[in-house]
Amino acid sequence: MMVPPEVSGVFFSGEPMLLRGAAFRSLSGYGYALLAAGLWGLLGPVSRLCLSGGTDPLEVAFWRACIGGLCFVAHALFRRELFVRPAHGLAFCLFGVCGVSLFFGAYQVAVRESGAALAVVLLYTAPVWVALFSRALFGERLTRRKLAALAVALGGTVLVCLSGGSAGSAPSWLGIGCGLAAGFFYATHYPFYTWWQKRYSTATLYTFMLLAGALALAPFVTFTPHNALTWAGLGFLGVFCTYGAYLAYGAGLRRLSPVRAAVVSNLEPVIGTLLAWAWWHEKFSPCGWLGGVLVLAAVFILTTDRR
């Protein structure tokens with residue numbers, strides 16, 4: 001059957017343009033996801049910079065939550081997304097008290113006690129908890145693939161913990177415990193977002209959660225004077241590693257499938273570990289390196305499960 005010239009012209013001339021548009025959209029999605037992974041990868045090394053200037057871990061966590069929250073306030077006001085129902089706002093704040101303050105605080109203590117590399121590896125035990133939460137809350141089946149990933153992650157975590165950390169000092173059980181706690185509280189964000197993401201924007205949720213988390217941390221913080229370099233580090237954590245990273249990841253998700261975005265974001269612990277090695281000369285023992293590889297392998301197995 002012959003196609004009318006006017007139809008064939010539109011179809012054949014428009015198809016390359018559509019393909020180019022789809023390719024550019026996919027490519028930009030990878031770029032945004034890589035940007036988010038890179039910014040999150042800087043979290044551990046920059047946190048150690050702030051800690052080396054004499055800042056208490058809880059103060060670092062406070063300023064990260066506070067500065068990031070204020071950035072989201074400005075974003076939500078500009079987009080007119082700040083209004084929520086009072087009961088919902090209370091729920092966001094209550095989650096921020098636990099899911100943000102304990103997560104941010106535990107992570108900073110892990111960086112101080114056991115090094116940035118160990119902290120970022122233990123943080124990425126979070127997908128293990130997510131798989132368990134998904135089973136308990138949403139009835140998702142634990143397939144053989146997921147069970148194998150959980151076993152690999154558990155073995156890798158044990159090896160990382162037995163290695164003594166990446167700071168070159170004696171093993172710190174406080175640092176290991178806080179690193180595992182950070183992974184747990186990080187994982188609690190998944191069911192929370194799954195429940196609320198269709199009702200409110202990312203900016204709305206983070207505005208309440210981050211500022212509530214900062215207020216919860218404030219009574220336990222000993223505020224001290226800082227030099228310009230430390231303030232620059234604290235600002236970087238809030239503006240780039242928190243606000244900017246979450247915005248970039250959200251932009252990536254709008255252009256990529258969740259599986260592809262998750263796989264790309266798993267470069268975060270690799271980037272964080274390499275930066276801690278290059279910047280602060282942190283390194284694992286062979287046992288620690290093997291454990292880190294196993295944890296990352298488990299995360300890759302979980303995030304590439306299309307079910």
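Tryptophan 280 counts as partly exposed, at 23% relative accessibility (buried is under 20% relative accessible area, exposed over 50%, partly exposed in between, with a 1.4 Å probe and protein chains only). This is a predicted model, so local features need pLDDT of at least 70 and side-chain atom pairs count only at pLDDT 80 or more, while totals for chains, interfaces and linings use all residues. Residues are numbered from 1 along each chain as its sequence is written, and side-chain values use heavy atoms, with hydrogens and water left out.

**Aromatic pairs**
- The structure holds 23 aromatic pairs (Phe, Tyr and Trp rings, the six-membered one for Trp, with centres within 6.5 Å; planes under 30 degrees apart are stacked, over 60 edge-to-face, the rest tilted).
- Phenylalanine 133 and phenylalanine 184 make an edge-to-face pair, because their planes sit at 70°, with ring centres 5.7 Å apart.
- That pair links distant parts of the chain, 51 residues apart: phenylalanine 133 is in helix 6 (residues 126-138) and phenylalanine 184 in helix 8 (residues 173-187).
- Tryptophan 279 and tryptophan 280 are stacked, at 5.8 Å centre to centre and 15° between the planes.
- Ring pairs also tie Trp40, Phe72, Tyr206, Tyr243, Tyr246 and Tyr249 into a cluster.

**Around leucine 237**
- Leucine 237 is buried, with a relative accessible area of 0%.
- Beyond its neighbours within four places in sequence, its contacts include Leu43, Val46 and Arg64 (contact means heavy atoms within 4.5 Å).

**Arginine 64**
- The charged end of arginine 64 sits over the ring of phenylalanine 104, 3.9 Å from its centre (the cut-offs are NZ of Lys or CZ of Arg within 6 Å of the ring centre and within 35 degrees of the ring normal).

Technical notes
Helices (H or I, at least four residues) and strands (E, at least two) are DSSP runs, numbered from the N terminus.
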